[in-house]
Amino acid sequence: MTHVEETYDIVIVGAGHAGCEAALAASRLGFETILFTVSMDSVALMPCNPNIGGSSKGHLVREIDALGGEMGKNIDKTYIQSKMLNVSKGPAVHSLRAQADKGEYTKEMRRTLQREPKLTLRQQEVTELLVEPAAQNTADDAPLNNAKDLTPTAPRNARKVVGVRTCSGAVYHAKAVILCTGVYLKARCIYGDTISYTGPNGLSAANHLSDSMADTGIGIRRFKTGTPPRIDRKSIDFSKTVEQKGDEKIVPFSFENKAEDIAREQISCWLTYTNEETHQIIRENIDRSPLYSGVIRGTGPRYCPSIEDKIMKFPDKDRHQLFIEPEGEFTDEMYLDGMPSSLPEDVQYRMVHSVPGLEHAKIVRNAYAIEYDCISATELRPSLEFKGVEGLFAAGQINGSSGYEEAGAQGLMAGINAARKLQGKEPVVLSRSDGYIGVLIDDLVTKETKEPYRMMTSRAEYRLLLRQDNADLRLTPIGYEIGLIPEDRYQRFLEKKQRIESEIKRLESTPIGASKETQAFLESHGSAPLHTGVTLADLLRRPEFSYETLEPLDPDRPSEGVTDEVAEQINISIKYEGYIKRQKQQVEHFLKMEEKRIPADLDYGEIRNLRKEARQKLEEIRPRSIGQASRISGVSPADVTQIMLYLRY
């Protein structure tokens, strides 16, 4: 038989949020790229909650944008409600969240993909990885700015990927392949006794690729996630719920956008609660839940449990929040956030009808759990390339993570690093002090993740430095060096940075005397009077003042250039100066440990006094540095000391 045979630079398998970012990055960096999807309807699909951002996840989206990714721009085009979360807390945990129009988000991302001249979008199931013996050494990962000093001797890979084969027998040759398969590998959707061997929303599963991966020596495991019922808007009694409106002041996800450019009329969400009747229905039917009957074998997410899990694990809690959220502007489907389940259909109806406002609700789509094959990301380098297969990368839920934002961040970095491999350049590896993306990937490749991984602000040691508001200041120079930030955007960024620095310097050097006018101003704002001269920056450090409120005392303030974003950076930089300095000192210590590199071919068997567990973990993960070694579960400080002594650090 004659089969199609084509050649591309980079092949990407899966067009979810990871695949879209990987494909755009690779093609925009100049490489002929083909993106495979099991269905065109699954491109950037939101099979679970149609929102982008949220606590810590908003940080990831803004970092994706700062590096030149697409997710932030796409949600700015398609949001139907926007909110800044945690505004009553400090700026380190402020996080943007936007409800998306599910259908429009998918359509807009697909249009973006199709406009890229070096990107081909193809509906076809990839069933096999094509590998052959590797012919040369590959460089280990090193940070972008430290590559020359820190690159150790690298081991020889046993194999390299040379392409893929599809279910039709077609062969696509490539120099790099990125696996972004999401939840589609041998997927099965389950509620009660009903099992369908499909991907989310009834789309086709990918039933063969994980077998090929296993034949290549990649370990396969089984994870599970879930989604709640969708209900018909017309059947909801909103008078028994609490309306949740969006923010009046819109903050864009993309640093390229201004609030006035994306402002639109927003659509409300609604809040209601479960009750004792709901909980009793679940308890009476818990033996019919596939989670508890043993039908579901995959490990589910700790931080996004099913409603039956919540009821059984927190029996003293008398109610749980449920958010009724629209799936889009032009649909009556409403997403019941907070009630993911795999209970049988009849039980789903009963528990939904027990909730205030949903007594007569009609279910449009049943809740279901979905099981799927994935890998342990400890098989990957920090560049997201497989340690044992040169040129093969993985990103997104296949790596054991959960969430659109986590997937998009990994996809962007995998796309960048696949392109840089073909360019003959060192990979870009963000550290834990560079961004939430660095924390995410380091956790995945260093720590054994036994359940779907979710990003949280508490995972970031340096979160005061890694705020969502300063993602561009941290990462745009890296995006520019990579080649994903165009010159005009970079120049605007430099102007903003210069404006912030010069205005902070001016405030630090502008004296304010204890005049009657000043004292009256301070008294009117409930602030203590002055007994000596201070600077404007000193006043700004007082909690009752902001850059904006001090304007009457600041006649020399620039009339142009100080935007809301610039003012925000001025406020935070001055008010939190002491805390920021302290955290920067912590980062300096952290980076010293990261700079103590461990050769990739180090024989841990030669290091005396290493415990057996530590030796096994070190051999498996092959840490790049003393810092990474110290974060491996099962490696003690005493083990790290032995490694340092052996390497004479």
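Mentor: Buried means under 20% relative accessible area, exposed means over 50%, and partly exposed is in between, with a 1.4 Å probe and protein chains only. In this predicted model, local features need pLDDT of at least 70 and side-chain atom pairs count only at pLDDT 80 or more, while totals for chains, interfaces and linings use all residues. Residues are numbered from 1 along each chain as its sequence is written, and side-chain values use heavy atoms, with hydrogens and water left out.

Trainee: What share of the 649 residues in the protein chain is buried?

Mentor: Buried residues account for 58% of them.

Trainee: How many helices and strands does the protein chain have?

Mentor: Helices (H or I, at least four residues) and strands (E, at least two) are DSSP runs, numbered from the N terminus. The protein chain has 22 helices and 25 strands. Its radius of gyration is 26 Å, close to the 26 Å of the globule rule for 649 residues, so the chain is as compact as a globular protein of that length. That radius is taken over C-alpha atoms, and the rule is 2.2 Å times the number of residues to the power 0.38.

Trainee: Which residues have the most contacts inside the largest nonpolar core?

Mentor: In soluble globular proteins, nonpolar side chains tend to be buried together. A nonpolar core is a set of buried Ala, Val, Leu, Ile, Met, Phe, Trp, Tyr and Cys residues joined through side-chain atoms within 4.5 Å. Here the largest one has 111 residues, and Val177 and Leu179 have the most contacts inside it. Helix 12 (residues 404–423) supplies the largest share of this core, nine residues. A second, separate core has 22 residues, among them Ile281 and Met351.

Trainee: Which residues does aspartate 332 contact, leaving aside its neighbours within four places in sequence?

Mentor: Contact means heavy atoms within 4.5 Å. With those neighbours left aside, aspartate 332 touches Ile231, Asp232, Arg233 and Lys234. Aspartate 332 and aspartate 232 are 100 residues apart in sequence, yet their C-alpha atoms are 5.6 Å apart. Aspartate 332 sits in the loop between strand 18 (321–326) and strand 19 (333–337).

Trainee: Is aspartate 332 buried or partly exposed?

Mentor: Its relative accessibility is 35%, so aspartate 332 counts as partly exposed. Alanine 600 also belongs to a loop, between helix 19 (577–594) and helix 20 (612–621). Alanine 600 counts as buried because its relative accessibility is 13%.
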